[in-house]
Amino acid sequence: MNTDETSRFVRLKVELVLEIGDAEALTGAALQRISDDDAMPPEERSHAESAVQEDEAEAIAYLVDPFDLVGEVPGTELVQASWSSEQVDYDPDSPDWDLDEDDERQDDTDHV
């Protein structure tokens with residue numbers, strides 16, 4: 001496949017697990033971000049404030065922006081992004097949390 005036939009688009013998958021050490025600081029920062037967003041309609045603002053006060057995962061979703069991760073990568077433009085957050089039971093010793101697992105599966109398919 002030559003360069004004219006290759007896609008110019010790349011899907012970047014990132015999985016992060018965050019430990020919340022200060023829920024009040026997290027919620028406060030999310031509420032401040034919502035308050036500072038002049039483009040947010042009042043009814044959406046009310047819903048967002050309620051959501052981040054009830055769920056720390058929602059607070060994180062309001063504070064983490066994929067554009068911040070790639071906004072300054074030279075030669076690229078973010079064309080689509082979606083993200084979500086959820087509370088999880090995390091056990092670093094469990095094989096379910098092996099971050100290299102997807103890479104190993106990909107390596108296996110590359111050799112077939």
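Q: Is L78 buried, partly exposed or exposed, and why?
A: L78 counts as partly exposed, because its relative accessibility is 35%. Buried means under 20% relative accessible area, exposed means over 50%, and partly exposed is in between (1.4 Å probe, protein chains only).

Q: Where does L78 lie?
A: L78 is in the loop between α4 (66–70) and α5. Helices (H or I, at least four residues) and strands (E, at least two) are DSSP runs, numbered from the N terminus.

Q: What does L78 touch?
A: Leaving out residues up to four places away in sequence, L78 touches P66, F67 and V70. Contact means heavy atoms within 4.5 Å.

Q: How far is L78 from F9?
A: Their C-alpha atoms are separated by 9.7 Å. Along the chain, L78 and F9 are 69 residues apart.

Q: What kind of model is this, and how are residues numbered?
A: This is a predicted model, in which local features need pLDDT of at least 70, side-chain atom pairs count only at pLDDT 80 or more, and totals for chains, interfaces and linings use all residues. Residues are numbered from 1 along each chain as its sequence is written, and side-chain values use heavy atoms, with hydrogens and water left out.

Q: What is the mean pLDDT of the protein chain?
A: The mean is 85, and 83% of the residues reach 70 or more. pLDDT is the predictor's confidence in each residue, from 0 to 100.

Q: Which elements have the lowest and highest mean pLDDT?
A: Helix α5 (residues 101–110) has the lowest, at 52. Helix α1 has the highest, at 97. Where pLDDT is low, the predicted coordinates should not be read in detail.

Q: Now the whole chain. How many helices and strands are there?
A: There are five helices and zero strands. The pattern along the sequence is α-α-α-α-α. Of the 112 residues, 12% count as buried.

Q: Let's take α1. What span should it have, and why?
A: Helix α1 (residues 23–36) has 14 residues, so at 1.5 Å a residue it should span 20 Å. Its end C-alpha atoms are 20 Å apart, which agrees. The expected span is 1.5 Å times one less than the number of residues.

Q: Which residues of α1 are buried?
A: L26, T27, A30 and I34 are. They cover an arc of only 95 degrees around the axis, which puts them on the same side of α1. The arc is that of the directions from the helix axis to the C-beta atoms.

Q: And the face turned away from that side?
A: That face of α1 carries the exposed residues E24 and D36.

Q: What covers the buried residues of α1?
A: The cover includes α2 (42–54) and α3 (56–63).

Q: T27 is on that list. Why does it count as buried?
A: T27 counts as buried because its relative accessibility is 16%. Setting aside neighbours within four places in sequence, T27 is in contact with V52, Q53 and A59.

Q: On to α2. Which of its residues are buried?
A: R45, A48, A51 and V52 are buried. Seen down the axis of α2, they fall within an arc of 130 degrees, so they line one face of the helix. These residues pack against α1 and α3. On the other side, P42, E43, H47, Q53 and E54 are exposed.

Q: What about α3?
A: A57, A59 and I60 are buried in α3. They cover an arc of only 155 degrees around the axis, which puts them on the same side of α3. What covers them includes α1 and α2.

Q: Which residues make up the largest nonpolar core?
A: The eight are L26, A30, I34, M40, A48, V52, A59 and I60. A nonpolar core is a set of buried Ala, Val, Leu, Ile, Met, Phe, Trp, Tyr and Cys residues joined through side-chain atoms within 4.5 Å.

Q: Which element gives the most to this core?
A: Helix α1 does, with three residues. In soluble globular proteins, nonpolar side chains tend to be buried together.

Q: Last one. What does A59 touch?
A: A59 touches L26, T27, A30 and V52, not counting residues up to four places away in sequence.
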